[in-house]
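Please examine the sequence and the structure displayed below before reading further. The paragraphs after it lead through the parts of the protein and the spaces within it.

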Amino acid sequence: MSDKQITVTSPLLPDREEFGQLLKEIWDSKWITNNGQFHKQLEKALCEYLKVPFISLFTNGTLPLLTALQALRITGEVITTPYSFVATTHSIWWNGCKPVFVDIEESTCGIDPDKIEAAITPKTTAIMPVSCYGKPCKMDEIQAIADKYGLKVIHDAAHAFGIEVNGESWLNKGDMASLSFHATKVYNTLEGGALVVHDEQTKKRIDYLKNFGFAGETEVVAPGINSKMDEVRAAYGLLNLKQVDEAIEKRHQVAIQYREALRDVKGVRYFDDMPGVRHNYSYFPIFINAEEYGMTRDELYFKLKEQGILGRRYFYPLISTFSTYRGLPSAAQENLPVATKIANEVICLPMHHELGKEDVERILKIILK
Ligand code: T4K
């Protein structure tokens, strides 16, 4: 048996020859950024693939969050989840707003809609939920609350590439949805990201905002930023789009193998597919009940690590425990019992398109003791 390290993920890479041909086109054209031909092609191709009306490409998955808050002129307090990657909360902070943490629900790891209303104050202007691990969070319930109180919804859909519920793209939920195309994601453009919006006018505004606010050669209409995707990444993204379905299917097979083996293991919980949902298998989190399993999450995490299996504790520690945020009243542990429990139970097992059956068996052997 091989003792090579198995990392939590591995990037989907386009064919180098094909990429080389596109690079030649970029070199020949000398047009390397600022809404070039590959940028335009990728926006169009992604709209079709993701079944969304308008998309604007970005350099990563953090800047679309920042830009969405700017575009919607969000101020005051933004309700969000502590169970995410720090970028979610940082984007609120960078906009000069105050994050207000609301606990999550165990079944989706998304923000618990039943706990949102109690966190709304006269200063609340928006809700920023996350479809964590690509599991659809309760967007309809969240939207109903937002409508009742006149709040905006910015969906951090960094993990939710290609997620559909009953044939409808989950990215069309909320006022805007933000995607990450980072190397560690199901679909990557090296670094990259995007914002999904509902109408042409808003798309135009986002395109201005990601280009310093320029609405023409001499006119600046807003205090924009520079977060444009360049031609090299857009070309790379076009090639990766052709093979992402195959990669997702390979991940699906890995999920099946994990689930079959873990079904009867006491103290190990995992997610099954949800009815009507097209999943992307971006992560395979398991949750360890130490008492039932006979070992703590950290004991298992380090045991796996010792044997070259580099799972990750996404998302531990909670964002609300980091120094910037822990002084906020909503960051108190008593306010976030479910998120605290889940953060102490989770390990994301290796999950990617290159994992073979033997790799998964090697991982499972350690978990099954
Ligand atoms: N919102 C949410 C909910 C997010 O999860 C994220 C990002 C964002 C917003 C912001 O999107 P971006 O601005 O990042 O586009 C990773 C990623 O850096 C981050 O994108 C991601 N979420 C987060 C959950 O995970 P790290 O620090 O854990 O990644 P790293 O470098 O330790 O890589 C993990 C493993 O992946 C490595 O052990 C091996 C493999 N890997 C990684 C890279 C970078 C490769 O094989 N090749 C590579 O090039 O944060």
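The domain bounds used here come from an automatic or database domain assignment. The model itself is predicted. In this model the protein is divided into domain 1, residues 16-240, and domain 2, residues 242-368. Between the C-alpha centres of domain 1 and domain 2 there is a distance of 24 Å.

How do the two domains meet? On the side of domain 1, 43 residues are in contact with 40 residues of domain 2. About 3,600 Å² is buried between domain 1 and domain 2, and 62% of this area is on carbon and sulfur atoms. Polar groups also take part in the interface: 23 residue pairs are in polar contact between domain 1 and domain 2, counting pairs in which both residues are at pLDDT 80 or more.

The next topic is the open space at the protein. The largest pocket holds about 390 Å³ of space. It is lined by 23 residues, and those closest to its centre are F85, S180, H182, T184 and K185. Sorted by class, this lining consists of nine nonpolar, 11 polar and three charged residues. Why does the largest pocket lie between domain 1 and domain 2? Both domains give residues to its lining, so the pocket is placed between them.

How many cavities of 30 Å³ or more does a search of the whole structure find? The search finds one. The largest cavity contains about 160 Å³ of space. Of the 17 residues that line this cavity, Y133, R259, F271, H279 and Y283 are the closest to its centre.

Notes
Residues numbered from 1 in each chain as written. Predicted model: local features only at pLDDT ≥ 70, side-chain atom pairs only at ≥ 80, totals over all residues. Heavy atoms only, no water. 1 Å grid on protein atoms, 1.4 Å probe; cavity = no way out; pocket = protein on both sides within 12 Å on 5 of 7 lines; lining within 4 Å. Points joined across faces, edges and corners; volume = space filled by probe spheres on them. Nonpolar A, V, L, I, M, F, W, Y, C, P; charged D, E, K, R; others polar. Contact = heavy atoms within 4.5 Å. Buried area = accessible area lost by both parts, 1.4 Å probe. Polar contact = N/O pair within 3.5 Å; in protein donor to acceptor, adjacent residues only side chain to side chain.
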